[in-house]
Each structure stands twice: as structure tokens, then as C-alpha cells.
Amino acid sequence: MIQIPDGNTNMFIDIKTSLFAIYLFLIGDSSALSNWTYTENPSISVLIVLFSLLVVVYLMNLLIGLLNIAIEEDNNRVSYLMQKAEILAEIELFYLLPHQKRWHTWFPEVIHYYADVDKARVEIKRLIKEGEWDTKEFTELRKNLFEVLQIEYNSIDNEAILEQLKIDNEVILEKLKSHEKLLKENNNELEKLKSHDEKLDKLDKLDKLDKLEELEKLLKEIRAK
């Protein structure tokens with residue numbers, strides 16, 4: 001008539017079965033709580049509602065939102081092409097035989113790329129504006145691109161101007177350093193002059209004191225007579 005609770009009737013008597021009961025509850029199976037009536041145990045119903053709100057609704061939506069953000073950051077053509085290039089490089093380095101690496105059909109000496117003129121012009125102007133265009137690589141190719149795309153830009157003049165500015169800045173710094181040295185020397189000379197003036201003042205005071213002493217002696221002699 002009376003059944004003694006065991007692992008089948010009460011899954012929460014052991015930590016392992018309790019974790020399994022929580023997993024079942026996550027997938028929608030609440031049979032682990034069927035031994036308790038919800039009217040007599042209102043705390044169970046409160047815990048069920050809180051669990052569904054916090055775990056099922058809040059945390060699952062939070063995980064989905066974070067995954068969507070991560071997918072949007074990486075789901076673009078640039079990342080796709082970079083990943084594709086890494087996979088191709090790995091295949092060419094480690095999975096091809098030496099005679100396969102010498103096939104001209106797979107690895108031609110010249111590769112032609114096609115690009116839209118307007119998009120290329122916009123991209124080059126963006127690189128120029130951000131200061132990423134002036135590099136020492138592919139100088140002839142860049143000149144040809146300027147001629148084809150009809151972009152007025154002289155990177156050589158800009159480089160020369162930058163070099164001239166650097167030279168001018170170095171000259172100005174050297175002049176400032178020389179002026180600082182002159183100022184230090186002038187300050188030292190002024191300090192020396194001040195010390196000489198102080199010495200002269202002391203000598204003048206001593207001379208005046210000597211003269212006063214002589215006058216006092218003369219006055220004493222006159223009074224004595």
C-alpha cells in the first residue's frame with residue numbers, strides 16, 4: 001500500500017539523478033516532480049516559474065543573441081576569403097606531392113584579377129584618405145592603376161614633402177638645442193656677473209667702513225687737541 005521512495009520515485013535523493021532530472025526538465029519533461037502536488041507545495045511551482053524565466057527564456061535568448069553577434073562579425077566576404085586562402089595554403093604546403101606542386105594548370109605563373117572600376121576607385125580613395133596607400137610595394141602597379149582609373153595623386157611628391165618636412169624638423173630641433181646651449185651659457189655668465197657684483201658691493205662696503213673708521217680717528221684726535 002505504501003511505497004518506499006527510491007531512485008525511481010524521487011530522483012532528488014542522489015546528486016547524479018538530480019542532475020539528470022534538471023536535464024529532463026530543460027527539455028520539457030517534468031515527470032521528476034510528479035510525486036509532489038503543486039497545491040500542497042506552492043514553493044515548487046514558484047521555483048518552476050523562476051527556473052523557466054531565468055534559464056529557458058533569459059539565458060537561452062542571451063546565448064542566441066551572442067551567437068548572432070559572433071556570426072554577424074565573421075559572416076562577411078573578407079573573412080570567408082581569408083579562411084579560404086588559409087585552407088588553400090595549408091593544402092598546398094602539406095597535402096600535395098612535389099609533382100603536383102609543379103602543375104601549371106593549378107599554379108600558373110600569372111594570375112589575372114577582375115575588379116569593378118567604380119569600386120576600385122572608391123577603395124583606392126579610401127586607402128589614400130586613411131593613409132594606407134603610401135607603401136613601397138607595387139609602385140609600378142599603383143601608377144598604372146592611377147592612369148587607368150584617372151585618379152590625380154602623386155605619391156612621390158607626397159613622399160618628398162614628408163621627407164623634406166622631416167629634414168626641416170630635424171634642423172629646427174638642432175637649432176633649438178643650440179639656442180638652449182647658448183641660453184645656458186648666458187645664464188652661467190649672468191650668474192658669474194652677479195657674483196662679481198656682489199663681491200664689488202662687499203668691497204665698496206668695506207672701503208666705506210675703513211673711511212668711516214679713519215674719520216672717527218681724526219675726530220677723536222681733533223677733540224683731544
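A pocket, as the word is used here, is an open set of grid points with protein on both sides within 12 Å along at least five of seven lines, and its lining residues have an atom within 4 Å of a point. Keep that in mind as we walk through this predicted model.

Let's begin with the second largest pocket, which is lined by Leu81, Leu88, Glu92, Trp106, Phe107, Pro108, Ile111 and Tyr113. By class, that lining has 7 nonpolar residues, no polar ones and 1 charged. The space inside the second largest pocket comes to about 280 Å³.

Now for the largest pocket, which holds about 670 Å³ of space. Its lining has 18 residues, and those lying nearest the centre are Tyr113, Ala115, Ala120, Leu141 and Leu145. Sort the lining of the largest pocket by class and you get 13 nonpolar, 1 polar and 4 charged residues. Two helices contribute here: α5, spanning 117–129, and α6, spanning 139–149, each give at least two residues to the lining of the largest pocket.

So how do those two helices sit against each other? Two packed helices are described by the angle between their axes and the distance between the axes. For α5 and α6, the angle is about 125° and the axes are 11 Å apart, which makes α5 oblique to α6. The crossing of α5 past α6 is left-handed. On the α5 side, the contact is made by Val117, Ala120, Arg121, Ile124 and Ile128, while α6 brings Leu145, Phe146 and Leu149. That contact counts 7 nonpolar residues, no polar ones and 1 charged.

Technical notes
Residues numbered from 1 in each chain as written. Predicted model: local features only at pLDDT ≥ 70, side-chain atom pairs only at ≥ 80, totals over all residues. Heavy atoms only, no water. 1 Å grid on protein atoms, 1.4 Å probe; cavity = no way out; pocket = protein on both sides within 12 Å on 5 of 7 lines; lining within 4 Å. Points joined across faces, edges and corners; volume = space filled by probe spheres on them. Helix = DSSP H or I, 4+ residues; strand = E, 2+ residues; numbered from the N terminus. Nonpolar A, V, L, I, M, F, W, Y, C, P; charged D, E, K, R; others polar. Axes fitted to C-alpha atoms, helices over the stretch in contact; angles between N-to-C directions. Parallel < 35°, antiparallel > 145°, perpendicular 65-115°, else oblique. Left-handed = near helix turned anticlockwise from the far one by under 90°. Contact = heavy atoms within 4.5 Å.
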